[in-house]
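Open the model in your viewer and keep the selection tool ready. The tour goes stop by stop.

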Amino acid sequence: MDNLQKLYFDKAAVRGETVILGPALEAAIEHQNLPTAVKTLVGEMAASALLCAAALEFDGSVVLQAQGDDKAPVRLIVVDVSKDLSFRINVTMRDWEEGISEKAGLRELLNPAGGARCALILDASNRPNGEAPYQGIVVLEGDSFAEAMEQYFARSEQVETTLRLASDGKRAGGVMVQKLPSTGGVLPEDFDADGWERVRLFAKSAKDEELLTLEPEEMNRRLFWEESPRVTLEKPVAFRCTCSPERIENILLQFDRKELLEKGSKDLTVTCRFCGKQYVFTQADIDRIFEENHRNHPRPS
């Protein structure tokens, strides 16, 4: 498990990605104490984010976000995928007195009032300071997250996309195929005009149990053996958080120094919401952080 394979169908001008997640998904959310239905949705989003990152081959982070509307029990889900296909997840829940059914789906969890949003954010490795990352934001539509992502690509990227997802909260898998425009309007001599429709139908035929248990290589062989696609990437995926003491210190600098620790108060503990790791800062640590920042970035007189 925790592997991804990327394909290219030359005659049909179609690209495809397949991923399966197991221990990496469990490690990414084990500290977040989520309801079963939310874990299932998060698994689908994690698979989607990895498929998108593999398709885009972007030099930087690919971040997939789903923001629930005002009546949704889930406020925000964030899946952050790095260039090496390592990923991390953060889920923000609202205070919810009612129980959440294990069978609750996309609409119940994120979109009961129809105001949810879906965003794909590309944060380039060489992005200049002060320049905002690219964001594609659309209304979250559909009865499943697969449908929502198909709508996203159709509206925001104008790319025909077929996506199959499965998740049980501990494992997740997905297959995505996309019809690509011809380069400069030139098609190969053996271009197969019906290839896209066949590949799309094969991808749709993937069963949940297959997506949750088969390695991507076996999954693709079962689905696409008649189409003879080229394998363009095979790579393991992993949960990995990018938090560090330096990053947490930079976050602390955004607050008022006096508010962080009053004299005689307890140590300040900061918990990373992606991995659950705790960073403890004493009063002396706070003083050092702000004094070093003042020395390195003195204010103009």
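Start at the loop between helix H7 (216-224) and strand E10 (230-236), and select Ser-228, which sits there. Helices (H or I, at least four residues) and strands (E, at least two) are DSSP runs, numbered from the N terminus. Ser-228 has a positive phi of about 50° although it is not a glycine. At 60% relative accessibility, Ser-228 is exposed. Here buried means under 20% relative accessible area, exposed over 50%, and partly exposed in between, with a 1.4 Å probe and protein chains only.

A word on the model before moving on. This is a predicted model, in which local features need pLDDT of at least 70 and side-chain atom pairs count only at pLDDT 80 or more, while totals for chains, interfaces and linings use all residues. Residues are numbered from 1 along each chain as its sequence is written, and side-chain values use heavy atoms, with hydrogens and water left out.

Next, select Leu-85, in the loop between E4 and E5. Leu-85 also is not a glycine, yet has a positive phi, about 70°. Is Leu-85 buried or exposed? Leu-85 is buried, at 4% relative accessible area.

**The sheet**

Now show the strands. Six of them form an open sheet, ordered E7-E6-E3-E4-E5-E11, with mixed pairing. Two strands pair if DSSP finds at least two bridges between them. At the edges are strand E7 (134-139) and strand E11 (238-239), each pairing on one side only. Zoom in on strand E3 (residues 60-67) and strand E4 (residues 74-81): they run antiparallel and are joined by six bridges. Pick Val-62 and find its bridge partner in E4, Val-81.

H2 lies across E3, E4, strand E5 (86-93) and strand E6 (117-124), at about 35° to E4. Helix H4 (residues 145-157) lies across E3, E6 and E7, at about 120° to E7. Axes are lines fitted to C-alpha atoms, for helices over the stretch in contact, and angles run from 0 to 180 degrees between N-to-C directions.

**The cores**

Which residues have the most contacts inside the largest nonpolar core? Select Leu-21, Leu-50, Ile-89, Leu-140 and Phe-145; the core has 54 residues. Helix H2 (residues 36-56) gives the largest share, 14 residues. A second, separate core of 17 residues includes Phe-9, Ala-166, Val-199 and Ala-206. A nonpolar core is a set of buried Ala, Val, Leu, Ile, Met, Phe, Trp, Tyr and Cys residues joined through side-chain atoms within 4.5 Å.

Centre on Ile-89. Beyond neighbours within four places in sequence, its contacts (heavy atoms within 4.5 Å) include Leu-25, Val-42, Val-78 and Phe-274.

Go to Ala-55 in helix H2. Ala-55 is buried, at 6% relative accessibility. Its C-alpha atom is 7.7 Å from that of Arg-15, 40 residues apart along the chain.

Then select Ser-167 in strand E8 (residues 161-167). Ser-167 is buried, at 14% relative accessible area. A polar atom of its side chain lies 2.9 Å from the backbone oxygen of Thr-40. The backbone nitrogen of Gly-169 lies 3.2 Å from a polar atom of the Ser-167 side chain.

**Last stop: H8**

Select helix H8 (residues 245-252) and colour its buried residues, Ile-248, Glu-249 and Leu-252. They cover an arc of only 100° around the axis, so they lie on the same side of H8. The arc is that of the directions from the helix axis to the C-beta atoms. These residues pack against helix H9 (257-260), strand E12 (268-271), strand E13 (278-281) and helix H10 (283-296).

Terms used:
A polar contact is a pair of N or O atoms within 3.5 Å; within protein, one must be able to donate a hydrogen and the other to accept it, and residues adjacent in sequence count only if both atoms are side-chain atoms.
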